[in-house]
2 protein chains.
Amino acid sequence: MQISINLNPDSKQSLQSQVFESIREQILSGRLKSGMLMPSTRMLNEQLGVSRNTIILAYDRLIAEGYLYSKETVGTFVNPNLPEDSLMLMEDTLKYLGDLSENTIQKINKNTSKRHPVAFQGRVQDLFNPFHDQLEIDFWVGRPDPESFPINIWRQLTLKKLSHSGSSMTEYHDAAGIFELRKAIAEHLRPARGIDCDPEQIIIVNGIQEGLNVVARVLIKQDTLAVMECPCYQGAAYTLESYGAKLIPVPVDKEGLNVKKLPDKKIGLAYVTPSHQYPLGATLPLERRVRLLDWARETGAYIVEDDYDSDFRHQGSPLTAVAGQDKNGYVIYMGTFSKSIGAALRLGYIVLPTELVGPARTAKALMDNGHSWLDQAVLTEFITSGAYVKHLRRIRRKYLNRRDSLVKALQKYFGNIKLSGLEGGMHLVWHMPDSLPESKEVQKIAQDIGVGVYSLPAAAAHDFGKKRYSKRNLLFGYSSTSKEQIVDGISRLAKELK
Amino acid sequence: MQISINLNPDSKQSLQSQVFESIREQILSGRLKSGMLMPSTRMLNEQLGVSRNTIILAYDRLIAEGYLYSKETVGTFVNPNLPEDSLMLMEDTLKYLGDLSENTIQKINKNTSKRHPVAFQGRVQDLFNPFHDQLEIDFWVGRPDPESFPINIWRQLTLKKLSHSGSSMTEYHDAAGIFELRKAIAEHLRPARGIDCDPEQIIIVNGIQEGLNVVARVLIKQDTLAVMECPCYQGAAYTLESYGAKLIPVPVDKEGLNVKKLPDKKIGLAYVTPSHQYPLGATLPLERRVRLLDWARETGAYIVEDDYDSDFRHQGSPLTAVAGQDKNGYVIYMGTFSKSIGAALRLGYIVLPTELVGPARTAKALMDNGHSWLDQAVLTEFITSGAYVKHLRRIRRKYLNRRDSLVKALQKYFGNIKLSGLEGGMHLVWHMPDSLPESKEVQKIAQDIGVGVYSLPAAAAHDFGKKRYSKRNLLFGYSSTSKEQIVDGISRLAKELK
């Protein structure tokens, strides 16, 4: 007997694997039937004109994988134990099968439609600017200055860590993060953010986004109530909602979260950005912080403090975090190195009240087995050597200068305008007067002249359908634009808007 | 007026920050009341005997943070807007407060007990051997050989990637992984595992553990049925169960999953380890693979193929993965570099049927914003340069030799014994005869003489309470022990057991 095999000598696939694939496919599609005698390797080598060894090796593999079955002195057969009327028939091979019964075809059609449904209906935060490549000057938000990455010291430290670390690279480490890094962070947080915590309370995460997942897994069930700032960061809203939380938006005014409007209900958690409200930029004043902590204590809610860009404080002294003001363990604190060092590092941390440490460590280990050892080890030494504090000082100065250039340029071209978010961070907000078009439209106009400025929804902010926030606010990130670009960008925008 | 401040000149804290902390704490605890006039900086400097500048800086910070309020020419006050009867009173400061009303104390006690409950009641896989440090010879499972980590090439590639990558390090990258790495994996999978996929179907994950979470988020709702091999890998069982799945254990026999016992129900997914069943080591034969795929098609269930250690195939040719045999998109394939390169790298991948790509990318991005760029970039070049295939060849040979040494040693000391899991992977299983104690006890006996061998539950295997699996099976990982250690360990064990 002969079987049909087409070989392509120009293919990247070896002849042996073409023979293997072809026979395998014919068995799976039912063209070569269970128990059928196969042509001998000699016959096939003559038929195909390839070396007998090629055929033998292909047969060997087919036998090893169970497609063929060899009976000594008798011959080689298609495995007789394969299911007769296999449903593995490939849709795209049906066309070869003229002899397929009506019954089988119906069975196939019926079966393709009963796939298990997708349980997940989430939406996702926008971290990328889809128009970035079309822009000459981009005020995209939350992007550190690429020139400021401490590349030399990073190379040095990486080499050092890789000099004697075979076993460090091959082993699993603590899913909550290597202890030395947690210790370094705890020691950094005390003077920097007024937080007094034990390294055991710290879990290293991939970034605040993963931190939110750990918190959600620990605290959120279907219909758990979660207070959100309105407007707030998309990533937080979408994540909590994806775990079944019911979100309760509480309005933000010029001082940040309006704590008087906090609901008097059984709340699971409140997600807040007190250092530099995202997106509107306010720093929550002490009275509101105290009321927020009182409220947490009254309702039993946890406060999730997202301190994403607190490393950059442009006015006044560094503020104590709400977590540093809370002595009762109601605050879950989240920090990140994405803004201060680089987002591609993928390292951040959460600091937990003691009673949540156990469940959160378990949730984290179930989510993943911790992070790249090399990155953690390099970061640890970057912090403990003092290089991190120096690096922060350097970029703080840089960002402050850029903020000042931006404010000056905006005032020069647009006069006496309403800005917010100046006290810290990496972006500011312009509350545009009614004489100008709506934010979305200004964004579009700017984009057409190669300048990136952003309305709330375009900058990963979520307004819960309260459009008044999104209509007149325009966001400017200034951390990754030079002074010249800032002045140029604003003057272009002014020319276009007038 | 005077306020009480105790300064400790020997403290690591500066005097200025001691003054700040002390006043702040007294305000928060209510000892310094809202609206109260503070002593002048001159008075305090005399009282405390520290420089006036120290006091001025501390006051400035207290004013900046909103604790104090300064009225020109009048004086400095405790912020009058702070809530009067603040509940922020710290438990550990109560002892200072003799004048606390009974009412307030009750309020405090009541409030500490109404904290939002923890929603999460998960359990976690054991990846660490708690006794490792007490062992001289450790047959721990799934641990790559530390000596084999390709440290020189890793250093070279890392330096290369860090030579011009400020912006690569500071920016966010695709949460599904950098495209070049997904492409390299797709190209590796075709010859290595017979899987023909597009880079778009691949999502880079932190390891199979995270892969399981992505799958669970996409496919599992409360009470979704999930078929598990019995016994199986703890991490998979605990993860799926933590998302609300109902687990249906299907027994494993000497050929792997007994596909005849697959339930005829509406199943969400079946989690399987066909290349080298974890923990028992069988390679699923082709007939069973075909039946498994047929079953998936009949029930609509997805098959989650965990191919954790398939890089090490000691007998016969490399097997095509079930995902390579499936042409209908029922298989979700999961692979990892934890076993083949190093677990500390924290990189693995999942290959998804096309209709799941969208939801899985969303779920992944909500879980975290992707992985360390540097590690991904280095790994990409490690694969595309051909170094990965060479590395695999080298350690494959090493592990095969170690397996042979282990089998020989076991046969030498224990005679004609029943072993399984020899065809591939990094561990084998000894089904001990009834003449020997139960696995748990043998593990203990071995541990006492500095040798690590493992019963199923100790090696992160889950038996669903079916103790017969766990009683007589003993696991030996051989990938991180030298030939000498293997022989020594088995001879010691034999001496002790006889």
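In this predicted model, helices α7(A) and α13(A) cross in a left-handed manner. Two packed helices are described by the angle between their axes and the distance between the axes. Here, the axes of α7 (residues 179-193) and α13 (residues 373-384) of chain A cross at roughly 30° and come within 9 Å. On the α7(A) side, the contact is formed by Glu180(A), Leu181(A), Ala184(A), Ile185(A) and His188(A). Their partners on α13(A) are Gln376(A), Leu379(A), Thr380(A), Ile383(A) and Thr384(A). Sorted by class, the residues of this contact comprise 5 nonpolar, 4 polar and 1 charged.

Two or more lining residues are given by each of α7 (179-193) and β11 (331-336) of chain B. Helix α7(B) provides the largest share of the lining, 5 residues. The lining of the largest cavity as a whole is made up of 9 nonpolar, 4 polar and 3 charged residues.

The second largest cavity has a volume of about 90 Å³. Of the 14 residues that line this second cavity, those nearest its centre are His371(A), Ser372(A), Asp375(A), His371(B) and Ser372(B). By class, the lining of the second largest cavity holds 6 polar, 4 nonpolar and 4 charged residues.

Note on methods: Residues numbered from 1 in each chain as written. Chains lettered and ligands numbered in written order. Predicted model: local features only at pLDDT ≥ 70, side-chain atom pairs only at ≥ 80, totals over all residues. Heavy atoms only, no water. Axes fitted to C-alpha atoms, helices over the stretch in contact; angles between N-to-C directions. Helix = DSSP H or I, 4+ residues; strand = E, 2+ residues; numbered from the N terminus. Left-handed = near helix turned anticlockwise from the far one by under 90°. Contact = heavy atoms within 4.5 Å. Nonpolar A, V, L, I, M, F, W, Y, C, P; charged D, E, K, R; others polar. 1 Å grid on protein atoms, 1.4 Å probe; cavity = no way out; pocket = protein on both sides within 12 Å on 5 of 7 lines; lining within 4 Å. Points joined across faces, edges and corners; volume = space filled by probe spheres on them.
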